[in-house]
Amino acid sequence: MKTLAALILAQAAPLAGSAAMPTGEEMVERIEANDAQLFWGFFEGCDPDAVADLLHPDYRMIHDLGGLPASSADQMIQSARKQCARRAPGGDAEGYKNRRLLVPGSRTIKKLGSWGALEEAHHTFLEWRGQDIGWVQTGGGRYLHIWQWMPDEERFRLLESLSIDHGPAPAYPPEGLEKD
């Protein structure tokens, strides 16, 4: 029994010479920056290789409409590369553009022990419909991200995504935030 307790304590203790996970405002700022970069790379920027290192190698995504679309970081990046190639000149979706916008005031970020953070927020999705129409809001959803602190790298990586509650675009501004 003593050996089991020692093993658990050894796994929970930070490694000597490795950086302690930031907390408070620094943790929030890092997660927010990662979130913005991540969604830019997968949506509007359509450059998954630019954000590949934000994903933990054991990354997994669960989607309410698609099940388990990615069971590894490599699988997620490969899938996004294919989608971006379809948008490129000569692709069957040439010129397609989409955008993801965070719903203001919806995000919460909570510390998970000394190893990570949970981010939860709502976002909306838009598609470009040409110069005459512009950006059209096409839907929305909620996501929960588990960010794991990588002490040797001194940064967070996205370990798991749960993407849920997809449907019509939510009202904007969100209920309770309307101005009189």
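Biologist: Where do I start with salt bridges, and how many salt bridges does the count come to?

Modeller: Start with the general idea: side chains of opposite charge can pair when their charged atoms come close. In this predicted model, the count comes to 15 salt bridges.

Biologist: Which residue forms a salt bridge with glutamate 160?

Modeller: That's arginine 60, with the closest N and O atoms 3.2 Å apart. Glutamate 160 sits in strand β7 (residues 155-167) and arginine 60 in strand β1 (residues 55-63), so this pair ties together parts 100 residues apart in sequence.

Biologist: What about glutamate 153 and arginine 157?

Modeller: They form a salt bridge as well, with the closest N and O atoms 2.9 Å apart. Glutamate 153 is partly exposed at 36%, whereas arginine 157 counts as buried at 13%.

Biologist: Which residues do shared partners join into one network?

Modeller: Glu32, Asp35, Arg100, Arg107 and Glu119, through their salt bridges.

Biologist: Let's zoom in on aspartate 35. Where is it found, and why does it count as buried?

Modeller: Aspartate 35 is in helix α2 (residues 24-42). It counts as buried because its relative accessibility is 1%, and buried means under 20%.

Biologist: What does aspartate 35 touch?

Modeller: Further along the sequence, its contacts include His145 and Trp147. Its side chain also makes a polar contact of 2.8 Å with that of tyrosine 143.

Terms used:
Residues numbered from 1 in each chain as written. Predicted model: local features only at pLDDT ≥ 70, side-chain atom pairs only at ≥ 80, totals over all residues. Heavy atoms only, no water. Helix = DSSP H or I, 4+ residues; strand = E, 2+ residues; numbered from the N terminus. Buried < 20%, exposed > 50% of the residue type's maximum accessible area, 1.4 Å probe, protein only. Polar contact = N/O pair within 3.5 Å; in protein donor to acceptor, adjacent residues only side chain to side chain. Contact = heavy atoms within 4.5 Å. Salt bridge = Lys/Arg side-chain N within 4 Å of Asp/Glu carboxyl O. Lists of a residue's contacts leave out its neighbours within four places in sequence.
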